[in-house]
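I opened this notebook to record what I looked up about pockets. The entries follow the order in which I consulted the structure.

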Amino acid sequence: MKVYFRTLKDLPREELFAPGHRMCAGCGAAIAMRWITKTIGPNAIIANATGCVEVTTTPYPETAWMHPYIHVAFENAAAVASGVEAAIKTLKRKGMWDAGDTKVVVIAGDGGTYDIGLQSLSGMLERRHGVLYILYDNEAYMNTGIQRSGSTPKYAWTTTTPVGTAVRGKIQWKKDIMGIVMAHRVPYAATASIAYILDMVNKIKTALEYTEEGPTFLHIYAPCVPGWRYPENKTVEIARLAVETGYFPLYEWDHGKLRLNPPSNNHLDKTKRKPLKEFLKLQGRFAHLTDEEIAELEEELDAYWQYLAKLQTL
Amino acid sequence: MANGELNAELIHVESEHSALSAVVGASAAGARVFTATSSQGLELAHEILHIASAMRLPIVMAVPTRAISAPISIHNDYSDVMNARDTGWVIYIAASAQEVYDTIIQAYRVAETVNLPVMVAYDGFLISHTVEPVELNNEEEVRRFLPRSVRPYTLNPKRPVTMGPLASPDWYYEFKYQQVLAMKEAYKVVKDVDALYGEKFGRSYGVVETYKMEDAEYAIVTYGGAAFGNAKAAADIARERGIAAGVVRVRLYRPFPTMDVLKVLEGVKALAVLDRAIMFGSPAEGPLYKDIATAMFMHGVDKPAVNVIHGIGQRTMYVEDMYKIYTMLRENPRKEVVFMGVRV
């Protein structure tokens with residue numbers, strides 16, 4: 001990534017995400033939205049997929065968005081953004097666009113990205129639209145009542161993967177969305193966390209500028225108070241532990257090169273990572289886990305890190 | 001576009017759902033947009049049909065109509081458009097290649113006047129995959145007919161707006177009622193635009209087209225090219241054989257031209273509504289029949305009206321079949337549904 005903001009003092013001051021929205025106290029996605037809007041600046045159009053952020057920020061006749069904003073449906077934010085981007089191109093060519101260098105940004109949750117929106121995301125990436133697609137990942141369909149998604153991790157409790165005697169929460173592993181996006185050979189894709197603001201804003205800005213070349217993608221990890229079942233003052237702490245335990249590594253895919261970012265760049269050495277249990281134990285959705293189940297999750301995590309290590313050598 | 005004659009962006013979408021989603025985005029950003037689909041594609045895009053009209057975007061879409069799976073059929077009937085008839089789009093059904101061309105130009109003017117999307121439907125295969133000569137207008141004259149109007153609300157960072165919000169029960173109904181009013185306005189605008197187009201380019205069609213209806217006692221009411229053409233040929237034969245036959249073609253399907261349809265049917269003793277789509281389990285299975293029966297009932301008109309379902313999955317509709325409809329109307333006028341051309 002390019003470093004646009006070196007210290008906290010460099011962070012953009014202008015607020016472009018209005019208070020008074022209906023997001024939960026302690027919402028990780030709300031923190032992400034604030035920094036996304038500040039970092040992309042006012043000359044951008046937002047296409048939002050149906051989801052937590054969408055329903056909580058636009059209760060008619062109010063809106064939290066100071067940007068031009070469009071929500072159409074759940075599965076098509078990338079297609080809508082494709083249309084917006086193409087329209088701006090054409091209108092510019094005809095001298096009918098008066099807003100200058102306007103960026104197009106998608107904001108979608110994990111349901112709208114991993115699951116129902118995967119096709120339109122793939123189409124947008126393949127067609128190389130100059131759009132920044134930002135996934136805020138809270139690992140389930142939260143606003144509809146905590147149903148499991150393709151992003152929900154194994155063994156997590158959700159309302160559709162209840163913990164019983166025969167089934168212990170979600171049965172399957174979390175989908176590797178970054179791998180899917182990288183396979184489209186996009187110029188830039190990165191993971192980021194609301195616990196690492198400087199890293200996150202620099203990635204947002206880098207990804208935004210790279211849209212000159214084609215589509216870019218950010219996977220922002222955003223904890224959910226009601227869905228993950230933890231106290232609302234623990235959001236940033238849990239997001240930080242996700243990175244420190246190696247569960248959610250910070251890395252970027254920049255023109256075919258994978259680079260791990262601090263602190264994840266030290267985590268190839270397993271001993272530098274905190275035990276996964278520290279991340280899991282703060283969350284009610286993992287309260288039922290046995291030591292054997294945690295050991296299984298850790299084993300899978302090790303395998304994932306070995307995969308990242310191999311990717312890094314490419 | 002390959003020759004650089006059209007200054008536009010072409011988005012090669014991965015699905016019809018994304019096609020309509022992309023034109024929604026582009027239209028919201030202030031661009032003029034066009035797309036086309038039919039059959040399963042229109043079904044896939046169905047969700048966005050409702051959203052495009054409710055967001056009041058002036059999208060124009062061509063729909064060469066086709067049958068719907070299963071079993072899969074690539075042939076023509078009107079099942080696809082009839083399944084989209086209540087999505088808040090203005091819907092024309094054209095009957096010739098020339099009319100399709102003229103109607104698409106009219107459609108932009110209508111769409112941009114009433115802020116509603118417009119569908120221009122016509123027989124898939126029978127019109128879309130056959131060849132007819134079409135008279136083209138002068139490009140500059142078309143541009144003058146369709147001046148770029150500045151829409152007050154588009155996606156622009158200089159004038160930010162939120163589109164597609166969440167509406168509570170306190171607000172939702174008002175949004176929907178505005179669509180009802182817009183449709184009522186569209187009825188007038190469609191007529192005005194057609195008249196103006198006639199003045200400028202010498203061709204206009206009205207909202208309802210008639211054939212030998214001046215003194216007709218028996219009428220076939222239908223839509224689309226094949227049904228209308230064959231009904232006209234049958235009316236000629238019927239008249240040679242002493243039946244005062246006429247044909248009515250509904251060109252504007254939504255908003256439904258209730259008063260115009262009732263007016264042309266005033267003098268008939270009995271009518272047949274020829275439908276090319278099936279509404280399974282409905283009191284009468286034909287969609288146009290339902291509209292006409294409702295129109296007649298609401299205006300106190302009671303006369304024999306038979307619903308003929310034909311041409312499903314492009315089952316051949318013979319002129320002789322249409323002639324039989326006239327004899328049926330004369331000899332045994334009644335109210336019932338007849339499935340014609342099917343092996344039972």
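What volume does the second largest pocket have? I read a value of about 1100 Å³ for the second largest pocket. I note at the outset that the model is predicted.

Entry on the second largest pocket. I found 33 residues in its lining, and A54(B), M55(B), G164(B), P165(B) and F175(B) are the ones nearest the centre. I then looked up the elements that give two or more residues to this lining: in chain B they are α3 (46–54), α5, β5 (162–163) and α7 (172–201). Of the contributors to the second largest pocket, α7(B) gives the most, with six residues.

Entry on the largest pocket. I noted a volume of about 1600 Å³ for the largest pocket. I recorded 43 lining residues for the largest pocket, with L6(B), A8(B), R32(B), F34(B) and Y108(B) nearest its centre.

Which elements supply at least two residues each to the lining of the largest pocket? I listed α3 (77–93) from chain A, and from chain B α1 (16–28), β1 (34–36), α5 (97–114) and α6 (139–145). I noted that α1(B) gives the most to the lining of the largest pocket, namely six residues.

Methods:
Residues are numbered from 1 along each chain as its sequence is written. Chains are lettered from A and ligands numbered from 1 in the order in which they are written. This is a predicted model: local features need pLDDT of at least 70, side-chain atom pairs count only at pLDDT 80 or more; totals for chains, interfaces and linings use all residues. Side-chain values use heavy atoms; hydrogens and water are left out. On a 1 Å grid over the protein atoms alone, a cavity is a set of points where a 1.4 Å probe fits but cannot get out, and a pocket is an open set with protein on both sides within 12 Å along at least five of seven lines; lining residues have an atom within 4 Å of a point. Grid points are joined across faces, edges and corners, and a volume is the space filled by probe spheres set on the points. Helices (H or I, at least four residues) and strands (E, at least two) are DSSP runs, numbered from the N terminus.
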